[in-house]
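Colleague: Could you walk me through the pockets in this one, and then the backbone?
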Amino acid sequence: MGERVLNGFFAMPARKTKTNEGENRQQLLQMMTTEHLVLGTARAATIQEANQRANLFLTSVSSATIALAFVAQVTRMGLPFMLFSLILLPCLYFIGLVTFVRAVQVAIEDMVHARGMARIRHCYTEFAPSMARYLVHSTHDNQTALLADVGLKPRPWQAFAGTAGMVNVVNGAIAGVFAGVMLKVVVGSTVSLAVTVGILAFAVSNWCLWQHHRRSWASAEHKLKVLFPNVPDSDGKARIG
């Protein structure tokens, strides 16, 4: 029957065992390929959402600026213009705030998806080590490797280069204008004092939102375990492939 008896038990034929291992290997590669496709689709969806939210926010800011210009022209920047600004600017700041928070969440989701894809590429190289030199993107799932993958290095100001950072700066400008107008209406201060308070509000808003961005990102990285970190080469540079 093609089977051997070993210590009273039937032993599986070597050929059948090899066949099963090959089938399992093929199934695993198919599952990994499917997961890689799912993660790529998820990354595209997160990027699209971030762009749509940023476009909505910037469109709202542009429309509000045009409305303020018309009101300022009609009222000659009198008290009705000040009151209209005090009503409109907080609404804009709220839109910017929720856009910023969601943009940070989307960026973290994209980071998680990118690390998942890096792990799958690492699995490919385990099955076929010779293909490692043909891969453009990194097979390591730590943050340094993923940044080096696109030619970047960890920088404190890198957070301002993304969608969330852009929204943060624009939102800070809205906060500064609101603070200046509020001071002008309530206290009747000079323009120089209103500008100074506006700059201070701009800086405080940017710093607070940047701290939220930094802490959220650090918390996400702490929870996400690194399985395949990159290893420095002999010259001290990190390998990303």
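Predicted model: local features only at pLDDT ≥ 70, side-chain atom pairs only at ≥ 80, totals over all residues.

Colleague: What volume does the largest pocket have?

Modeller: The largest pocket has a volume of about 1,200 Å³, and of the 36 residues that line the largest pocket, the closest to its centre are A107, D110, Q143, L147 and W217.

Colleague: Which helix gives the largest share of that lining?

Modeller: That is α2, from which 8 residues of the lining of the largest pocket come, although α1, α2, α3 (143-149), α4 (163-186) and α5 (191-223) each supply at least two.

Colleague: And how does the lining of the largest pocket divide by class?

Modeller: By class, the lining of the largest pocket has 20 nonpolar residues, together with 9 polar and 7 charged ones.

Colleague: OK, what about the second largest pocket?

Modeller: The second largest pocket holds about 220 Å³ of space, and the closest to its centre, of the 13 residues that line the second largest pocket, are G180, V181, K184, V191 and A194. Its lining takes at least two residues from each of α2, α4 and α5, and the lining residues divide into 9 nonpolar, 3 polar and 1 charged.

Colleague: Changing topic, where is R76 found?

Modeller: R76 is found in the loop between α1 (14-75) and α2 (79-127), and the phi of R76 is near 55°, which is a positive value in a residue other than glycine. M77 is found in the loop between α1 and α2, and M77 has a positive phi of about 55° although it is not a glycine.

Colleague: Is R76 buried or exposed, and why does M77 count as exposed?

Modeller: R76 counts as exposed because its relative accessibility is 77%, and M77 counts as exposed because its relative accessibility is 52%, where the cut-off for exposed is over 50%.

Key. Residues numbered from 1 in each chain as written. Heavy atoms only, no water. Helix = DSSP H or I, 4+ residues; strand = E, 2+ residues; numbered from the N terminus. Buried < 20%, exposed > 50% of the residue type's maximum accessible area, 1.4 Å probe, protein only. 1 Å grid on protein atoms, 1.4 Å probe; cavity = no way out; pocket = protein on both sides within 12 Å on 5 of 7 lines; lining within 4 Å. Points joined across faces, edges and corners; volume = space filled by probe spheres on them. Nonpolar A, V, L, I, M, F, W, Y, C, P; charged D, E, K, R; others polar.
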